[in-house]
Structure formats: structure tokens, C-alpha cells
Amino acid sequence: MSFEGVDPDFGGLQGGKSVRILGRNLRLDIGYSVYFGSDASRQVAILNDGTLEAVTPRTRTPGPVDVIVRADNGTVIRLENGFSYVNQAGTLLGGSTTSKAP
């Protein structure tokens, strides 16, 4: 069993984003817990023998965190800086918030 990455690997501070944790040779007969830094995901699902899906928890601090997968058989795998929380407050998509009068 191994894990190679998170897709997407970033999301907002408010949490609630579904991400896929990509791996190989996952056991389908055991459970998994996923942590983003020290905060546990409240929803984890096994999609297939190569993918878990987890919902990101809320956090207060932007920046990268380790993603830690704990299998019920005792195996623990850490993806260092596997996910980044970004502060999306006040961000407008599509450009400038100011305009000039003609």
C-alpha cells in the first residue's frame, strides 16, 4: 500500500472540499482515517484499490499541511505538505476590483 498525492492539492480554509488521495494496492477490507495536519476528515470513502476520497476539515491558518492516512491495520502513511489551505476571503475572480472613469 502506498500513497502518491492529493487531487486537488489545495482548498479554502472553510473546508468541505472533496479530494482524492491517490495510491496503489489499497486494501478494500479495512477502514482508513485521513488527517489534514492534526484535523481529521469527517468523511472518508474507499473509491477503489487506488483511491480514497476525503472531505477537508475547516482550519484557521492558511498554508501547507501534511496529509496522514491511517489504516485500520496500523499502517500510517504521511504525505508531507500534501495539501495547502488558501485564504479565499475577499478574492474576486476575473480581475481588478477598481475601474477608471472614462
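N81 is placed in strand β9 (residues 76–86), where strands are DSSP runs of E of at least two residues, numbered from the N terminus. The model is predicted: local features need pLDDT of at least 70, side-chain atom pairs count only at pLDDT 80 or more, and totals for chains, interfaces and linings use all residues. Residues are numbered from 1 along each chain as its sequence is written, and side-chain values use heavy atoms, with hydrogens and water left out.

The phi angle of N81 is positive, near 50°, although the residue is not glycine. N81 has a relative accessible area of 52% and is therefore exposed (exposed means over 50% relative accessible area, buried under 20%, and partly exposed in between, with a 1.4 Å probe and protein chains only). A positive phi, about 60°, also occurs at N25, which is not a glycine either. N25 is located in the loop between β3 (18–24) and β4 (32–36). Its relative accessibility is 59%, so N25 counts as exposed.

The peptide bond between D7 and P8 is cis, with omega about -10°. P8 belongs to the loop that connects β1 (2–7) and β2 (10–12).

T51 lies in strand β7 (residues 51–55). With a relative accessible area of 10%, T51 is buried. When neighbours within four places in sequence are set aside, T51 is in contact (heavy atoms within 4.5 Å) with R20, I21, L22, L26, A45 and I46.

Conventions:
Helices (H or I, at least four residues) and strands (E, at least two) are DSSP runs, numbered from the N terminus.
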